[in-house]
Amino acid sequence: MTINTYEFRKGIYMISVNDLRTRLFESLWDIPEGIAYNAYLIIDERTVLIDGVKGIYSEVLIGEVKKLLGGRGLDYYVVHHGEPDHSGSFPKLIKEYPNVKVITTEVGFKIIRSLYPVSFNHITVSDGYELIIGNRKLKFFQTPWLHWPDTFMTYLYGDKILFSGDAFGSYGALTNGLWDKDYGDLHLSLSKRYFANIVAAFRSHVPKAINKLSGYEIDLIAPAHGPLVGKVSDAVNTYLRWSKPELERKVLIIYGSMYGNLEEAVKHVAKGVEEVDVDAVVMKVPDTPITYLVRELFDSPAIVLGIPTYDGSAFPYISLVLNLMKIKRFEGRYVGIVSSGLWSAVAESKVMKDLDEVKATVDGKVSILGHPKGDDITKLVDLGRSLGRRAAEVVSKQ
Ligand SMILES: Cc1cc2nc3c(=O)[nH]c(=O)nc-3n(C[C@H](O)[C@H](O)[C@H](O)COP(=O)(O)O)c2cc1C
Ligand SMILES: [Fe+2]
Ligand SMILES: [Fe+2]
């Protein structure tokens with residue numbers, strides 16, 4: 001754990017805790033780059049803390065807040081969203097500052113009460129509620145479903161800062177600076193994977209939130225994860241593109257293979273994809289962590305699933321992939337199926353219902369008995385070409 005405390009505007013502090021020990025964020029997503037939990041403190045005639053950190057880092061946050069307040073009390077504590085990666089420090093903060101007024105949405109209040117059985121003073125904010133804290137004024141915008149129903153954001157007039165909670169956040173501990181520009185293209189890549197994993201299922205709510213904020217000038221975005229965002233219009237436009245989502249010219253091939261036969265088959269598919277000048281991204285399950293699978297599923301117009309039959313069913317990790325497509329609402333993609341078996345090959349029939357549920361268009365199926373041979377090879381290359389052309393067509397029409 002390391003901590004960065006940074007006064008990025010006079011009297012406005014970022015308190016960012018680097019978590020390099022959590023392997024799976026939300027117990028699902030691999031984060032080899034770590035993650036930062038950002039809280040913000042505004043010191044004016046009134047003092048305001050915005051968000052918090054994961055429970056295990058409570059003392060570190062409280063230590064910094066106390067130092068910065070220099071003996072003053074804390075008047076307001078804005079809880080943008082109840083997920084414990086930020087609200088974990090809530091009970092200890094309340095214990096330290098029992099008179100603080102907690103600011104949440106109505107749904108947020110219920111969530112916080114369900115998670116933390118402590119009593120506290122509370123203000124429920126409606127959409128557009130304003131709060132004067134001395135020379136400064138805050139305005140609260142409800143932005144539900146980015147990515148929980150409780151979510152809201154805080155706009156600070158004058159300094160023109162949007163405290164955005166999880167939105168506009170990214171993976172990665174802040175070890176190289178505290179601004180987006182300190183990370184170059186890496187910031188875009190870590191934000192996109194974070195968006196695909198955390199926000200994508202609710203992407204239809206992104207334009208609604210951006211629309212609501214459109215009348216307000218924003219100089220910088222202060223998210224709850226990752227660096228401060230100085231390139232505001234780039235970030236907003238990127239979020240709008242991702243919310244569609246913007247699909248890339250590639251075919252994603254996800255396969256399972258116990259003994260290498262199906263692995264060999266999908267190599268022929270990849271060859272077919274590349275023959276029509278489209279990129280083939282090949283990922284094996286379960287070897288590839290789902291954070292990367294979901295990242296690629298998010299923007300692939302065409303997907304090939306390589307599925308061995310396993311104990312009278314589809315290879316279980318492919319069922320997980322289909323479930324993730326359902327959960328994240330990755331719908332309307334072209335899908336090719338390469339299935340295999342030896343005595344009663346049922347993998348293909350077992351996945352059809354799932355594909356239907358994600359509104360996939362099945363664009364070719366090849367079934368193989370054991371090792372790919374003879375005609376199989378031509379069929380596999382053809383499947384790759386066909387999906388490659390589909391991907392190119394989708395992207396050209398976008
Ligand atoms: C543990 C295990 C269970 C299997 N269960 C079935 C099955 O229920 N029905 C079937 O037709 N084939 C079954 N197979 C055969 C595989 O689907 C077949 O060998 C396939 O080609 C595997 O490809 P791979 O070499 O890439 O793992 C099974 C294979 C293994 C290793
Ligand atoms: Fe969250
Ligand atoms: Fe978060």
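Reader: How do the residues of the shell around ligand 1 divide by class?

Author: This is a predicted model. In the shell around ligand 1, eight residues are nonpolar, nine are polar and two are charged.

Reader: How many residues surround ligand 1, and which are the closest?

Author: The shell has 19 residues. Ser257, Met258, Asn261, Leu262 and Gly341 are the closest.

Reader: Which elements give two or more residues to that shell?

Author: Look at helix 8 (261–275), strand 17 (302–310) and strand 19 (334–341).

Reader: Now the domains. Where do they lie along the protein chain?

Author: The assignment gives domain 1 as 2–243 and domain 2 as 250–397. Their centres, taken over C-alpha atoms, are separated by 38 Å.

Reader: How many residues of each domain are in contact with the other?

Author: Two residues count as in contact if their C-beta atoms, placed from the backbone, lie within 7 Å. Here nine residues of domain 1 meet nine of domain 2.

Reader: Which elements supply at least two residues of the domain 1 side?

Author: Strand 4 (29–30) and helix 5 (184–199) do. Helix 5 gives the most, with four residues. By class, this side of domain 1 holds five nonpolar residues, one polar and three charged.

Reader: What is the order of the strands in the open sheet?

Author: Five strands run 10-11-12-13-14, with mixed pairing. Strand 10 (130–132) and strand 14 (220–223) are the edges, as each pairs on one side only. From one strand to the next, the twist averages 20°.

Reader: How many bridges join strand 12 to strand 13?

Author: Three, linking residues 152–156 to residues 161–165, and the two strands run antiparallel. In one bridge, Leu156 partners Ile161 of strand 13.

Terms used. Residues numbered from 1 in each chain as written. Chains lettered and ligands numbered in written order. Predicted model: local features only at pLDDT ≥ 70, side-chain atom pairs only at ≥ 80, totals over all residues. Near = placed C-beta within 6 Å. Nonpolar A, V, L, I, M, F, W, Y, C, P; charged D, E, K, R; others polar. Domains from an automatic or database assignment. Pairing = 2+ DSSP bridges. Axes fitted to C-alpha atoms, helices over the stretch in contact; angles between N-to-C directions.
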